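Here is a short briefing to read beside the sequence and the model. Keep the structure open and find each residue as it comes up.

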Amino acid sequence: MQIESNYAKAAQFVKEAASRGAQLAVLPEYHLTNWVPEDPKFVDLCAQWQLYLNKYRTLAKANNICIVPGTLVELHETAATEANKLINVAYFIDNHGEILGSYQKKNIWHPERPHLSSSTFDPHSVIETPLGPVGLLICWDLAFPEAFRELIAQGAKIIIIPTFWTITDCSPYGLKLNPRSEALFLESTLTARTFENTCAVIFANAGGPRSSKKPNQYAGLSRVTVPFVGALGDDTKDSAEEGMSIVDIDMEILEEAEKQYKVREDIARSDWHYDYRHTSGFQGMVKEKLQQRDKSNL
């Protein structure tokens with residue numbers, strides 16, 4: 001939980017990426033604080049989220065690079081209930097240091113639920129950025145194709161997913177069957193999402209040093225996936241160690257994939273046979289749920 005030294009390390013990666021011509025730097029979930037909610041110091045660190053958000057804004061402007069600074073766990077002491085005090089948020093900061101959009105984690109991993117509040121029925125929103133229309137998701141959101149569908153229905157071409165996913169997230173039963181089960185989950189699902197949505201997926205996961213005493217619990221595998229090709233990012237896509245890959249995304253690939261698979265074309269049809277959140281009927285139900293939630297918080 002060495003928040004300042006973790007920021008300094010992240011800032012150095014961002015500066016290096018900018019010096020090599022990158023337009024966007026993406027960091028992992030919980031990269032400043034780790035995920036240790038039972039530690040008495042954790043909540044106090046989360047109270048510093050605004051300070052570090054501003055630091056990343058300054059860093060983006062100084063280095064002329066867009067940044068998604070992983071996620072920041074935010075303490076909001078004015079929240080209605082104790083459970084709502086901590087939220088996990090990803091931001092998109094442009095190369096002028098402006099916040100173009102944010103996303104609060106919706107699908108909370110089961111062990112996180114006693115500590116974090118979900119964005120529940122708040123709709124997923126696309127962010128217009130210098131790189132084009134972007135969607136933000138966080139970690140366990142990857143498991144839910146509905147989140148991707150809602151974003152690409154609004155035109156998102158790139159989905160960015162800061163993540164803290166470990167090998168030991170798997171149960172002892174699963175690990176006995178396959179010690180790489182979580183890696184298999186990530187590799188398979190990231191490839192599937194890029195094909196089934198004709199989009200690019202930028203996946204930035206936590207990595208850590210190897211130890212001779214115990215296996216590396218970090219899953220790593222940070223990568224960009226695109227249709228036809230699969231995983232990009234030679235320095236990190238097959239590694240669980242901390243590192244950085246510089247990746248060029250050829251947007252023409254996404255257009256050619258859509259010509260081939262016509263996923264976006266199909267879901268935009270008025271007679272499309274699946275009902276997603278972005279359809280008018282579901283939006284009405286969401287509005288009603290939000291109104292009920294707001295009344296209960298009064």
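This is a predicted model: local features need pLDDT of at least 70, side-chain atom pairs count only at pLDDT 80 or more; totals for chains, interfaces and linings use all residues.

**Salt bridges**

- Side chains of opposite charge can pair when their charged atoms come close.
- A search of the whole structure finds 13 salt bridges.
- Glutamate 196 has arginine 193 as a salt-bridge partner, with the closest N and O atoms 2.6 Å apart.
- Both residues belong to helix 6 (residues 181-196), and because they are three residues apart, about one helical turn separates them.

- Lysine 9 and glutamate 242 form a salt bridge, and their closest N and O atoms are 3.4 Å apart.
- Lysine 9 is in helix 1 (residues 3-19) and glutamate 242 is in the loop between strand 11 and helix 7 (251-261), so this pair ties together parts that are 233 residues apart in sequence.
- Lysine 9 is partly exposed at 42% relative accessibility, and glutamate 242 is partly exposed with a relative accessible area of 46%.
- Glutamate 98 meets arginine 57 in another salt bridge, at 3.8 Å from N to O.
- Here the loop between strand 4 (86-93) and strand 5 (99-104) holds glutamate 98, while helix 3 (residues 49-63) holds arginine 57, so the pair ties together parts that are 41 residues apart in sequence.
- Glutamate 98 is partly exposed, with a relative accessible area of 42%.
- Arginine 57 is also partly exposed, with a relative accessible area of 26%.

**Histidine 31**

- Histidine 31 sits in the loop between strand 1 (24-26) and helix 2 (42-46).
- The side chain of histidine 31 makes a polar contact with the side chain of tyrosine 56, at 2.7 Å.
- That histidine 31 side chain also reaches the backbone oxygen of proline 28, at 3.1 Å.
- Leaving aside residues up to four places away in sequence, histidine 31 touches Asn6, Ala10, Tyr56, Pro69, Gly70 and Thr71.

**A nonpolar surface patch**

- Phe228, Val229 and Tyr261 make a nonpolar surface patch of about 290 Å².
- Phenylalanine 228 lies in the loop between strand 10 (223-226) and strand 11 (230-232).
- At 45% relative accessibility, phenylalanine 228 counts as partly exposed.

**Strand 7 and its partners**

- Strand 7 (residues 132-136) is mostly covered, with five of its five residues buried.
- Which way do strand 6 (residues 127-129) and strand 7 pair, parallel or antiparallel? They pair in the antiparallel sense, over three bridges.
- Strand 6 and strand 7 form a hairpin, with two residues between them.
- Glutamate 128 stands opposite proline 133 in strand 7.
- Strand 7 is also joined to strand 8 (residues 158-163) by three bridges, and these two strands run parallel.
- Valine 134 stands opposite isoleucine 158 in strand 8.

Methods
Residues are numbered from 1 along each chain as its sequence is written. Side-chain values use heavy atoms; hydrogens and water are left out. Helices (H or I, at least four residues) and strands (E, at least two) are DSSP runs, numbered from the N terminus. A polar contact is a pair of N or O atoms within 3.5 Å; within protein, one must be able to donate a hydrogen and the other to accept it, and residues adjacent in sequence count only if both atoms are side-chain atoms. Contact means heavy atoms within 4.5 Å. Patches are made of residues with over 30% relative accessible area and no salt bridge: like charges are joined within 9 Å, nonpolar side chains (Val, Leu, Ile, Met, Phe, Trp, Tyr) within 5 Å. Accessible areas come from the Shrake-Rupley method with a 1.4 Å probe; for residues, only the protein chains shown count as cover. A salt bridge is a side-chain nitrogen of Lys or Arg within 4 Å of a carboxyl oxygen of Asp or Glu. Buried means under 20% relative accessible area, exposed over 50%, partly exposed in between (1.4 Å probe, protein chains only). Two strands pair if DSSP finds at least two bridges between them.
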